[in-house]
Amino acid sequence: MMRSKKLSVLVIGLFFGVSAICSAQSKMDFKLSFTQPEAHYAEVQFTCSELLTPNTSFMLPVWSPGYYKILDFPRYVVDFQVKNDKGEMLDWHKESKDTWVVNNGTNQSIVVTYRVFANKKSVAESLVDQNKAFIMPNSMFMYPKDKIDVPVTLKIEPYQDWNAISTGLVKNDAGQYNAPDFDVLYDSPIYIGNQKIIEFEHDGRPYHLAMETPEGLQQDTFVDDLKKVISATTALMGHVPYQNYCFIMMGAGGGGLEHWNSQAVFTSGSFEFKSKEHYTDFLNFITHEYFHLYNVKAIRPIALGPFDYGKENYTDMLWVSEGITVYYEYLIMLRAGLLQPKEALDYLSGSIRRYENIEGKNHMSLSRSSFDIWLNFLNRDENTDQTTISYYNKGPIIGLLLDLEIRKSSKNQKSLDDVMQFLYNKYFLKQKRGFTKEEFWAICEQFAGKSLLELQNYVDTVNEIDYQKYLDHAGLQIDLSPLEEGTSFIKRSYQLSEKEKATKEQLMIKKSLLYPISKR
């Protein structure tokens, strides 16, 4: 295919819409360019104006929110230098691994330039090559210390062979991209290259797909399924916190990362799925990242925002952010008509097996797995396999049991939906903050109308879970048959299924949980 020399730009509206927040006279102006993409370098120019102190500290984050691992982005910065507005070189020194201190003296306007080596295939890091650039802004753009909340503008100069820009940043009349502060800039990944762009509108809002490897795509079906996911999710939460939304779907790789106005995910390298199950798995994945828009970006443990980009941000509640999101990806897919009840039970059964059939369940609690994620995220070895668990597995289990208990105790008048809606409306929309551990459990107990101490203990200890006690609420059952005989550690089936006989109350709860729409 011939490459167009005309730059086609995909512009996605920011959270709450901020097209008028930043002006062309921003005091923090970046320019991003690429003269050697084949060498994996990006060039950054940062013009910082109206400095009022003789020394200015510039900092670069060391991690990406949503990706709980220290990545030490500053190690990729080279050729750092500073000039005043007359082009004269200024002195600087390193104060710490992530801090550059510039001696600007009486100079109120300076230009900082540096290059960044970007060759990591990750949703949390930047990658530049001759074909494209995936930019995580927090790995690329420094912020002046104590000025993280000031407006920022960014000018992007694509490499000569690239013709499209996909980002969640708003573009102004001067051709620059605006962010009201560095937090928004850092939360807006940028994809630059020759990706396929699909635009569609849904419920009055524009959506955009940026696809690096669209081979095999059945466009009408896929877009229709995305609309179903969006509708089911926004109907659940009752509010849409963005003006536009962008799906950045890259080539073959692993993982995805959520953002306020977008998500960046890897695919299998094409859209030629081996089976319906593989396609469903992918939709589950996209749904998971989309629901993170609400659960972790808005509904979040209080430690996760405002962020400290210079060190670990600890919380023992990531099981809510990640594990309950896994649970809801299945509920949303059910409500979207993209998952059958048995399929949802099969996915949940898989979570139980992955948790129960490992030795780590005897050594690590769910809350500890949340707190210690900074030690264990993508750091697997023979020891961690034997002594740790994943909140991606036990988290959805607690989500299911918590949902069933609230439904049972409230005679199916309330559910975990009400908890999520309350957290969203009270702490995010009204108080504009995260929640504490105590607040989370108090709200759950409020809707259950009773103490939930046993479920709290399942989170904070390694106590054996009484599955059947909670599954009975919805006429469900679990198969505890051994998968292996004659071993010291017995692996079991843990397959969930519907009971043949159920009471009227059980049927009512099961129907509302597993059969939210008419059978197709």
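Pro306 is found in the loop between H3 and helix H4 (318-335), where helices are DSSP runs of H or I with at least four residues and strands are runs of E with at least two, numbered from the N terminus. The peptide bond that leads from Gly305 to Pro306 is cis, with omega near -5 degrees. The model is predicted, and local features need pLDDT of at least 70, side-chain atom pairs count only at pLDDT 80 or more, while totals for chains, interfaces and linings use all residues. Residues are numbered from 1 along each chain as its sequence is written, and side-chain values use heavy atoms, with hydrogens and water left out.

An open sheet of seven strands runs in the order S5-S8-S3-S2-S12-S15-S14, with mixed pairing; two strands pair if DSSP finds at least two bridges between them. Because S5 and strand S14 (170-171) each have a single partner strand, they stand at the edges, and one side of each is left without a neighbour in the sheet. Further in, strand S3 (residues 41-48) and strand S8 (residues 110-117) pair in the antiparallel sense over eight bridges, and the bridge partner of Tyr41 in S8 is Phe117.

Val78 lies in strand S5 (residues 77-84). At 25% relative accessibility Val78 counts as partly exposed, since buried means under 20% relative accessible area, exposed over 50% and partly exposed in between, with a 1.4 Å probe and protein chains only. Leaving aside its neighbours within four places in sequence, Val78 is in contact (heavy atoms within 4.5 Å) with Tyr41, Tyr114 and Arg115. Arg115 in turn lies over the face of Tyr41, at 4.1 Å from the ring centre, where a charge sits over a ring if NZ of Lys or CZ of Arg is within 6 Å of the ring centre and within 35 degrees of the ring normal. The C-alpha atoms of Val78 and Arg354, which are 276 residues apart along the chain, are separated by 43 Å.

Aromatic rings also pair with each other. Rings of Phe, Tyr and Trp (its six-membered ring) pair if their centres lie within 6.5 Å, and planes under 30 degrees apart count as stacked, over 60 as edge-to-face and the rest as tilted; by this rule the count comes to 51 aromatic pairs. Two of them are set out below.

| Pair | Arrangement | Centre to centre | Angle between planes |
|---|---|---|---|
| Phe80 and Trp100 | stacked | 5.7 Å | 25 degrees |
| Phe271 and Phe282 | edge-to-face | 5.7 Å | 90 degrees |

Phe80 is buried, with a relative accessible area of 9%, and Trp100 counts as buried at 3% relative accessibility. The charged end of Lys94 sits over the ring of Trp100, 4.4 Å from its centre.

Two residues other than glycine have a positive phi near 55 degrees: Asp79 and Lys411. Asp79 has its place in strand S5 and counts as exposed at 51% relative accessibility, whereas Lys411 lies in the loop between helix H9 (391-409) and helix H10 (416-430) and counts as exposed at 57%.
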